[in-house]
Amino acid sequence: MTTSKSRNTKKTSDDILPSIPSWTDLMGFRMTLKRLTHLWITDKLPSVLLFEGRDGIGKRSIAAAAAAMPFCSHHEPCGICANCHAVLSTSHPEILWVETSDISLKLTDADRIHEHLSVHAGSFWTEQNPSNSFGSTPSKDGVASPQRAVRIVVIIDADKLNQQAANRLLVTLEEPPLSSHIFMTTSRPKAMLPTVLSRAIKWHLAPPHLEDTLTFLKTRLPSILSPETPTPTDTELKECILRAGLSPGKALDLCGHEGMVGEKIRRLLNPENMLHILEAAEELGKSGTTFGKWIEMVEVRLNERYKKAVSERKNGTKCPSGLHIGVINERRRMLSQVKRAAVNQKIALNMQLASESLGFSGISQ
Ligand SMILES: [Zn+2]
């Protein structure tokens, strides 16, 4: 398990969490954030909230927004003040992040949650460290009131709590200490213990509208794709969103990956020499695409081009597809040699080794 640092828990090597993607980048959740803020301002924010929704929808960011509300200098939460930044970097001292890549959250995690919430919030800042960088907790009317104590725990993927930990947590969930909040997320509510579920107010996060996710992808993709990668069309992006089950996070991963792979394949279809093929193969290998898979994709495209070129020649058209049959054949030959060497002869996907083995170094098409 990893937890954010907290003043009453010792920081260990495990206590390093990645930053949370800002909720300000989330498209289609403006109303959700408005409702959360309204509940906080009117003192109606439930003590135990479970954000439930499909993978990649932005649950961590929404939970972070909820956790930031009591501390945000602008009471929104704004996402840009020092307090919001501390929340997003999982370093806010009043917020304990409980998140794991393991299959379960254990008893010790439940103990740490209880321990974190049991400490009276705010007292540390006002009595011992009045000039800390986060300042005092802003009150709802905008006047600083450091005595207003708030302690928060965010449990990501609460369905990973094992039975023992969940049972230990029940007491805390039943009667959370004064001015404390527990925000949980899950994409598998059915995997959670009914006793835990019954103690939380469920907040279903529906996928944003397709157009909102489209805007989100257009904003975020340029920072992921290389400048040479052709910009995907709206139709391609929409197909990607649908394949990602409308989840913005998943769609971003998918479009980013496909964009990069698409670019590599484009380069493979138009290589200047064998080394270009091997370079692209190596990069594709690093991006997680298996060698056999990409080479098949390239072969399919080359075969399509070949058929087109043959039919163009039959019809007497002068090469409108842009490639001569001879050039296509040469590229097919190069690819099959790489394939034979790297797949059949089990040569590692290493550019230098492969080019030396094949004696291709410096050979142009
Ligand atoms: Zn803020």
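**Close-up 1. Helix H6 and what covers its buried residues.** In this predicted model, the cover over the buried residues of H6 includes helix H4 (107-118) and helix H7 (194-197). Helix H6 spans residues 163-174, and its 12 residues reach 16 Å from the first C-alpha to the last. That span is close to the 16 Å expected at 1.5 Å a residue. The buried residues of H6 are Ala165, Ala166, Leu169 and Thr172. They lie on the same side of H6, because the arc they cover around the axis is only 105 degrees. Gln163, Val171 and Glu174 are exposed on the other side of the helix.

**Close-up 2. Gln163 in helix H6.** Gln163 has its place in helix H6. Is Gln163 buried or exposed? Gln163 has 11 C-beta neighbours inside 10 Å and therefore counts as exposed. In sequence, Gln163 and Lys106 are 57 residues apart. In space, the distance between Gln163 and Lys106 is 8.5 Å, C-alpha to C-alpha.

**Close-up 3. Strand S4 and its two faces.** Strand S4 consists of residues 151-155. S4 is mostly covered, with five of its five residues buried. In a regular strand, side chains alternate between the two faces of the sheet. Both faces of S4 are covered. Arg151, Val153 and Ile155 are buried on one side, and Ile152 and Val154 are buried on the other.

**Close-up 4. The strands that pair with S4.** Strand S3 (residues 95-99) pairs with S4 in the parallel sense over four bridges. Here Leu96 stands opposite Val153 in S4. S4 is also joined to S5 by five bridges, and these strands run parallel. Which residue of S5 is the bridge partner of Val153? The partner in S5 is Ile182.

**Close-up 5. Val154 and its contacts.** Val154 has its place in strand S4. Val154 has 28 C-beta neighbours inside 10 Å, so it counts as buried. With neighbours within four places in sequence left aside, the contacts of Val154 are Ala63, Ala67, Ile95, Trp97, Val98 and Phe183. Val154 and Ala66 are 88 residues apart along the chain, and their C-alpha atoms are separated by 9.5 Å.

**Close-up 6. The largest nonpolar core and a second one.** The largest nonpolar core holds 48 residues. Which of its residues touch the most other members? They are Ala67, Val154 and Phe183. Helix H2 (residues 59-68) gives the most to this core, with seven residues. A second core of nine residues is separate, and Leu237, Cys240, Ile241 and Cys255 are among its members.

**Close-up 7. Strand S2 between its partners.** Strand S2 runs over residues 48-52. Four of its five residues are buried, so S2 is largely enclosed by the rest of the structure. S2 pairs with strand S5 (residues 180-186) in the parallel sense, over five bridges. In this pairing Leu50 stands opposite Met184 in S5. S2 is joined to strand S6 (residues 201-204) by four bridges, and these two run parallel. Leu49 stands opposite Ile201 in S6.

Close-up 8. The mean pLDDT of the chain is 75, and 67% of its residues reach 70 or more. Which element has the highest confidence, and which the lowest? Confidence is highest in S2, at a mean of 96, and lowest in helix H5 (residues 123-128), at 40. Over residues 121-136 the pLDDT stays under 50, and the model has 29 contacts beyond four places in sequence for this stretch. Residues 345-365 also have pLDDT below 50. That stretch has 38 contacts in the model beyond near neighbours in sequence.

**Close-up 9. The chain around these views.** The secondary structure of the chain comes to 14 helices and six strands. The chain has 365 residues, of which 33% are buried. Among contacts in the chain with a separation of 6 or more, 72% are between residues 24 or more positions apart.

How values were computed. Residues numbered from 1 in each chain as written. Predicted model: local features only at pLDDT ≥ 70, side-chain atom pairs only at ≥ 80, totals over all residues. Core = buried A, V, L, I, M, F, W, Y, C linked by C-beta atoms within 7 Å. Buried ≥ 20, exposed ≤ 12 C-beta atoms within 10 Å, placed from the backbone. Contact = placed C-beta atoms within 7 Å. Expected span 1.5 Å × (residues − 1). Arc of directions from axis to C-beta. Pairing = 2+ DSSP bridges. pLDDT = per-residue confidence, 0-100.
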